[in-house]
Amino acid sequence: MEQDIIKQIRKLTQAYAYTALQMHEAVARKAGLSGTDHKYLGFLLERGEMTAGDLAALTGLTTGAITGLIDRFEKKNLVKRKFAEGDRRKVLIEPNTKLIMALFEPLYKDFRSKSEKLTASFSEKEAKVIERYFSQAIEIMQETTTKLNK
């Protein structure tokens, strides 16, 4: 592959990442959150209830920072703390999925519709190439993150 094409794809990838950050920050502000709080809330939505320690390990935040994060979410009724069955020493963070979705779905409605329309415009073969790129790029980012966090 030509170096010019590789450079152009790298620039587009960076532009996509920067634009995604800007959009998620704007969505978060409309929802009354910071951009990072919004993304950490996404971890809870995606993975479901977990301990504060699990969330700290997933995000790379300290347990103290996680406590503040959970406190902010709790004040907005986005999560609740509950004791684990069988071990009351263990506290689980449970996302209020219904409220979170009600808060964010309207903010993402137009974006989701346009993104789905764009995706549908690609042939199946083109979509497989895009899927392969993102899947492998995610793996590279996860490897890099793991290495940097050691």
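## The second largest pocket

In this predicted model, the second largest pocket has a volume of about 400 Å³. Its lining is made up of Tyr16, Phe111, Ser115, Leu118, Thr119, Phe122, Ala127, Ile130 and Phe134. Two elements, α5 and α6, each give two or more residues to this lining. Helix α5 provides the largest share, with 4 residues.

By residue class, the lining of the second largest pocket comprises 7 nonpolar and 2 polar residues, with no charged residue.

## The largest pocket

The largest pocket holds about 2,300 Å³ of space. It is lined by 47 residues, of which Tyr16, Ala20, Lys39, Ile138 and Met141 are the closest to its centre. Five elements contribute two or more residues each to this lining: α1 (3-30), α2 (35-47), α3 (52-59), α5 (97-120) and α6 (124-148).

The lining of the largest pocket divides into 25 nonpolar, 14 polar and 8 charged residues. Tyr16 is among the residues closest to the centre of the largest pocket, and Tyr16 also lines the second largest pocket.

## Aromatic pairs and a cluster

The model contains 5 aromatic pairs. One of the pairs joins Tyr40 and Phe43, whose ring centres are 6.1 Å apart. The planes of these two rings meet at 20 degrees, which is under the limit of 30 degrees, and the pair is therefore stacked. Both residues belong to helix α2, where Tyr40 and Phe43 are separated by 3 residues, about one turn of the helix.

The two partners fall into separate accessibility classes. Tyr40 has a relative accessibility of 17% and so counts as buried, the cut-off for that class being under 20%. Phe43, at 25% relative accessibility, counts as partly exposed.

A single aromatic cluster is formed by Tyr16, Tyr133 and Phe134. Of its members, Tyr16 and Phe134 are also found in the lining of the second largest pocket.

## A charge over a ring

Which residue lies over the face of Phe83? That position is taken by Arg88, at 4.1 Å from the ring centre.

Definitions and conventions. Residues are numbered from 1 along each chain as its sequence is written. This is a predicted model: local features need pLDDT of at least 70, side-chain atom pairs count only at pLDDT 80 or more; totals for chains, interfaces and linings use all residues. Side-chain values use heavy atoms; hydrogens and water are left out. On a 1 Å grid over the protein atoms alone, a cavity is a set of points where a 1.4 Å probe fits but cannot get out, and a pocket is an open set with protein on both sides within 12 Å along at least five of seven lines; lining residues have an atom within 4 Å of a point. Grid points are joined across faces, edges and corners, and a volume is the space filled by probe spheres set on the points. Ala, Val, Leu, Ile, Met, Phe, Trp, Tyr, Cys and Pro count as nonpolar, Asp, Glu, Lys and Arg as charged, and the others, Gly among them, as polar. Rings of Phe, Tyr and Trp (its six-membered ring) pair if their centres lie within 6.5 Å; planes under 30 degrees apart count as stacked, over 60 as edge-to-face and the rest as tilted. Buried means under 20% relative accessible area, exposed over 50%, partly exposed in between (1.4 Å probe, protein chains only). A charge sits over a ring if NZ of Lys or CZ of Arg is within 6 Å of the ring centre and within 35 degrees of the ring normal.
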